[in-house]
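Here are some comments on the aromatic contacts, as asked. Please read them with the structure open.

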Amino acid sequence: MYLVTRNPTPDIPPDASSLVSIVNFTVTRSGLEGQLLGVAIQHEQPELERAKGEMLRKEEDFKMQLAKLEKGLLEALATAEGNLLENTSLIESLSRTKEMSAEIADALLQSAEASVKLDQQRDVYRGFAQSGAKLFFLVKALQVTCHMYQFSLASFLTLYRQALEAGSEVGKGAKKTEDRLVQLAADVEVRVLYFVGRALFKADRPMFALHLVKGMHADHFQPKEWDIFTGGLVASVTDAVPRGYPAWAPTERKAAFRLLTEQLPHLINTLDLENTAKWQRFSTSLEAEKDLPSLRGVTPFQKVLIVQAFRPDRLQSAILQFVTDVLRIESVSPPPLSLSTLHSESSNLTPLLFISSPGADPSKELQEFAAKTVGLGSYEELAMGGGQQEIAQTLLRNAANNGTWLCLKNLHLVVAWLPTLEKELSSIEPHGDFRLFLTSEAHNGFTSILLQQSLKATFEAPPGIKKNLQRTFDSWEPDSFDAGGSASSAVRARLLFLLACFQAVIQERRTYIPQGWTKFYEFSYGDMKAGTFVLEAVTANKGKASSKMDWETIHGLMEDAIFGGRIDNAFDLRVLRSYLSVFFCDRLAADNSSGAEVIAGTPLRMPASADYKSFRKIIAQLPDTDAPYIFSLPDNIERSVQRSNSSQLIKQLRLLSSSDAEANKYDREKWRAQLGPVLELWQQLTSATPGLINRKANTSTTVSKSSSATSAASNKKPVDPVEDFVLMEYEAAGEICAVVDFSLQSLKKVLFGSGLLTPAIQTGATALLSGVVPADWTKLWDAGPEKPQGWLRELVRKRVALGKWKGQLGKGGSAALLGSPLALGDLFKPATFINALRQQTARLLNTAIDLVKMVCLWDSGGGSSGGGSKRMKSECPLPCPLSALLLQGATFHSGALQESSPEASELTTTPELLVGFVPLSCGDMYEASRSVAVPLYQTVSREDFLLELLMPLGSDGDQSRWVLGGVALFLTEDD
């Protein structure tokens, strides 16, 4: 029995896999190279391909004749009787066979010589075929980043043939065939970039472009440069300021500079970084990638590394500039795509799949196109879900027989039914005019066969508040605004308009993640509909027009039951609460609100007449693009967005880099080559830090056990909570280092043949090959960097720093430790340290731990706090000085938060501060009305929240301004 499937990863149960012999017929690189070579020669020089085919046929004929002669000779010898030397017929047969064999051998020799000449002529096209095969496998790897990014070989071959057919125009000016093929290869790259790019979400197109450049133009990257860019190499661990660190560079970029100095010293030596006048413009420019000084001998990608090291807030733009220059294109985004173009490329056998972003729906545009092309009578659509599968199959069969169009929407809701759809499509013989349109959001359960079979295009809602409001009003009937014409209906109309504005603002604010929102919240049309019900219910209960609007109920339901139900971050919820108070208030909803500014800084004002046409007219006056101030975000927010986007891009490139590794199959040479850099890095880190690893530690025990032993040893004398925490943290760091060292040393023995490969070692190696920190390590510390190299470096850095903390304790206990500024980023569990500080303070105050609260004092050493320092020391028995933190969304000087200018750095350094705990009866260091609570996160990704700190405000004291501005503090910029 033979089973055949197009599914590249069939799900075969373990009990059945032992009974099945799997033969993989999927395309290989060498096989595809030969196939593309044949396609190219068939198009360019068909006579060569015909000659090659004829020659191969003749060779096979000669070989068959030779085999027949050998067979006949053996039969003659087997049937011969008597003396063989006297058998005349046998001797004559042998002579004839010998003569014919010599003739055939000569013919084969001549054929081989001719074949060599033909292959030499064919080899002119081999490089073109090799580049095509390499390009296809680069595209194939994209599914690692998103399951929906799967493309078939047939679609790639179509692009390849199209490039060949257009070759007469592409290589028109080329005098040699080789030059023309180089131009053809570049044309294929651009065709593939745009064809694949239209099926990628906009945010992923720069990633694919750089992935393509890395795979196809490796000559643009020198050794170590790609590893530096993706985080495969890390700087050494030291607190010293790197030698030659430029004065114009931000203080937080020292580690990045050290990495370049250690790995690419020749590059640093050619930059003349100490020349401040030469680099000053670059350091403050809004377009730093374009304002690099004149640099001799520096490659384009090295310029990207310079931007990454000193101006990561412009890295995304630098990447785009690099790839467009290499590929010689104007943009990585494909040309504007119309439905008519997609329709011309589709067929009755090829479905057209729209991959939509949340909240986007292409069905309306598709319906309008169908009305113009075939008429609405020949077009049907069906929203999937809720038991619509059988109806969909019936509609599919009818449309295929009648030659009409069918659109099946929201396939991500019925992924379990998609194999049935595949079978149905393969079994029908559709009419020539039949077209099938599919819409779906990205889903990991979407079947691979249907993805590869379909012609794909992404559909994302156009960005901007203007487009958002227009989509909302398109979905509303004009009658819902104009009913009645009474005062209550006018209030209702204004409230609906405000709801649409509120929804547009909170949705478009997602552009600025993580500063706008800390994560993507799916504020959907369902939320809008629920909000409409709330407003209608409130206005219905309002009664007389003169009665007061129940804003508390509106705010409460919107926050707790509708929009706020999607938010899981307390500070994001605070942003939502601020927006609710801005939009839903008497200033905008009252009868005298005509002309009131709805969104600050825009032409959007409340119209005099609360009717549908007036609202549409005022919306049309909005600009097509949104400035940051519309969302009350700082003018330099673009820097934060670029940092976040480039960080995500690099994470995706890491996945693509590790996708080639066959991690599950043990190959000693491959594993040694791929894991060698990790082992070498660990060796360098441990050798440069004596005493890093406690060799006596039992790696089979957990950190908690070793920590308890430390506590027991320290019970000889009373230990305060802060001191106890530091000792436990130091020992825990040593235990983690010991576990990691044992794991890597065991792996090293396996790679060099002196150890056995156990399941535990294989699991850890598989993770490292995939660019992921092994699970056994993350169990001990799960808040570290994602890349194993960065994780190891940060582990060693924290261990070294904790050794210094322990040394301070030895000089005079916690008093000596708290006598100088501490960096919370040195700790594995900074929140636990704050709790230990709270516990020790409560003991000193002889009170319960829940009867003390945290206070903080900024710039305590700068003199701007007046009597704050004295008050802090008098009320707080255990003040703790903290070293400077990183501030985003504002700057801090003159003792208060200040606005960031467009030229200001995205991250600024705050002055040192004092934190401590005081009794609840004591007041804060700053008045509640003149300060704002700012969240402190571990990294700029805003994922790990630690605590909130009060920061003083300027003269205006407007808290919502800073809340909506996304102001936050961080321990470190590394995420």
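1. The charged end of which residue sits over the ring of tryptophan 226? That residue is lysine 214, with its charged end 5.3 Å from the ring centre. Keep in mind that the model is predicted.

2. Arginine 799 lies over the face of tyrosine 730. The distance to the ring centre is 4.1 Å.

3. Now the ring–ring contacts. Searching the whole structure gives 43 aromatic pairs. One of them joins tryptophan 248 and phenylalanine 310, with ring centres 5.1 Å apart. Their planes meet at 50°, so this pair counts as tilted. The cut-offs matter here: stacked needs planes under 30 degrees apart, edge-to-face over 60.

4. Where do these two residues sit in the chain? Tryptophan 248 is in the loop between helix H10 (225–230) and helix H11 (254–263). Phenylalanine 310 belongs to helix H14 (residues 300–310). The pair thus links distant parts of the chain, 62 residues apart. Both tryptophan 248 and phenylalanine 310 are buried.

5. Phenylalanine 725 and phenylalanine 833 make another tilted pair. Centre to centre, the rings are 5.9 Å apart, with 50° between the planes. Phenylalanine 725 lies in helix H32 (residues 721–751) and phenylalanine 833 in helix H36 (residues 830–845), so the contact ties together parts 108 residues apart in sequence. Phenylalanine 725 is buried, as is phenylalanine 833.

6. Finally, look at the grouped rings. One aromatic cluster is formed by Phe502, Trp517, Tyr521, Phe523, Phe563, Tyr579, Phe583 and Phe584.

How values were computed: Residues numbered from 1 in each chain as written. Predicted model: local features only at pLDDT ≥ 70, side-chain atom pairs only at ≥ 80, totals over all residues. Heavy atoms only, no water. Phe/Tyr/Trp six-rings, centres within 6.5 Å; stacked < 30°, edge-to-face > 60°. Helix = DSSP H or I, 4+ residues; strand = E, 2+ residues; numbered from the N terminus. Buried < 20%, exposed > 50% of the residue type's maximum accessible area, 1.4 Å probe, protein only. Lys NZ or Arg CZ within 6 Å of the ring centre and 35° of its normal.
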